Amino acid sequence: MQANTYLQFDGNCEAAFKFYEENLGAKTLSLMRYEGSPAAAQVPPEWRNKILHARIALADTVLMASDAPPGRYSAAHGFSVALGVDKPQEAERIFDALKVGGKVGMPLEKTFFAERFGMLVDRFGIPWMILCEHAA
């Protein structure tokens, strides 16, 4: 069995995946558009180039995503994508990239349980936790 996080976007899934590739070292594994699928008839013509289903490799996990059809998107809540990194500098680099145009919930800082920990929602509406644990 395998569990994966499935993200929904408000029409900007492709832009988010490109951003994650550039800033997180992710790799897009697949990208399927509404156009050319049976779902094309269920969205307006201007939406047919949007993403019906996509997969991205991020370190040793896979995130899946799509653009929610018009009128069916709701902002993400009740979860965060948690990224664990080995070095404080890497946590800082990632946090700084993700916070541009987003909203910081907890600044990245040293805590009693981590060298660095911070929380934010990126410009695409995805909540993240960045964690660099204390060395063992």
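1. The buried residues of helix 2 are covered by, among others, helix 1, strand 5, strand 6 (103–109), strand 7 (114–121) and strand 8. On the helix itself, the buried positions are Pro 88, Ala 91, Ile 94, Phe 95, Ala 97 and Leu 98. This is a predicted model.

2. Helix 2 has 12 residues, and the distance from its first C-alpha to its last is 16 Å. That is close to the 16 Å expected at 1.5 Å a residue. Just after the helix, Gly 101 adopts a positive phi of about 80°.

3. As for the overall layout, the protein contains two helices and eight strands. Read from the N terminus, their order is β-α-β-β-β-β-α-β-β-β. The C-alpha trace spans about 55 × 30 × 25 Å along its principal axes. Of the 136 residues, 37% count as buried. Among contacts between residues at least 6 apart in sequence, 52% link residues at least 24 apart.

4. The largest nonpolar core comprises 30 residues. Phe 9, Phe 17, Tyr 20, Leu 24, Leu 98, Trp 128 and Ile 130 have the most contacts inside this core. Two or more core residues come from each of strand 1 (5–9), helix 1 (13–24), strand 3 (51–58), strand 4 (61–67), strand 5 (81–84), helix 2 (88–99) and strand 8 (127–133). Helix 1 gives the largest share, six residues.

5. Leu 24 deserves a separate entry. Leaving aside residues up to four places away in sequence, Leu 24 touches Phe 19, Leu 58, Leu 83, Ile 94, Leu 98 and Trp 128. Of these partners, Leu 98 and Trp 128 are also listed with Leu 24 among the residues with the most contacts inside the core. Leu 24 also lines the largest pocket, as do Leu 58, Leu 83 and Ile 94.

6. That pocket, the largest, has a volume of about 180 Å³. The rest of its lining consists of Ala 59, Asp 60, Thr 61, Ala 82, Gly 84, Val 85, Glu 90 and Arg 93. By class, the lining residues are seven nonpolar, two polar and three charged. Strand 5 and helix 2 each contribute at least two residues to the lining.

7. Ser 74 is located in the loop between strand 4 and strand 5. Its relative accessible area is 52%, so Ser 74 is classed as exposed, the cut-off being over 50%. Ser 74 and Phe 9 are separated by 65 residues in sequence, while their C-alpha atoms are 8.5 Å apart in space. Phe 9, for its part, is one of the core residues named in point 4.

Terms used:
Residues are numbered from 1 along each chain as its sequence is written. This is a predicted model: local features need pLDDT of at least 70, side-chain atom pairs count only at pLDDT 80 or more; totals for chains, interfaces and linings use all residues. Side-chain values use heavy atoms; hydrogens and water are left out. A nonpolar core is a set of buried Ala, Val, Leu, Ile, Met, Phe, Trp, Tyr and Cys residues joined through side-chain atoms within 4.5 Å. Buried means under 20% relative accessible area, exposed over 50%, partly exposed in between (1.4 Å probe, protein chains only). Helices (H or I, at least four residues) and strands (E, at least two) are DSSP runs, numbered from the N terminus. Contact means heavy atoms within 4.5 Å. On a 1 Å grid over the protein atoms alone, a cavity is a set of points where a 1.4 Å probe fits but cannot get out, and a pocket is an open set with protein on both sides within 12 Å along at least five of seven lines; lining residues have an atom within 4 Å of a point. Grid points are joined across faces, edges and corners, and a volume is the space filled by probe spheres set on the points. Ala, Val, Leu, Ile, Met, Phe, Trp, Tyr, Cys and Pro count as nonpolar, Asp, Glu, Lys and Arg as charged, and the others, Gly among them, as polar. The expected span of a helix is 1.5 Å times one less than its number of residues.
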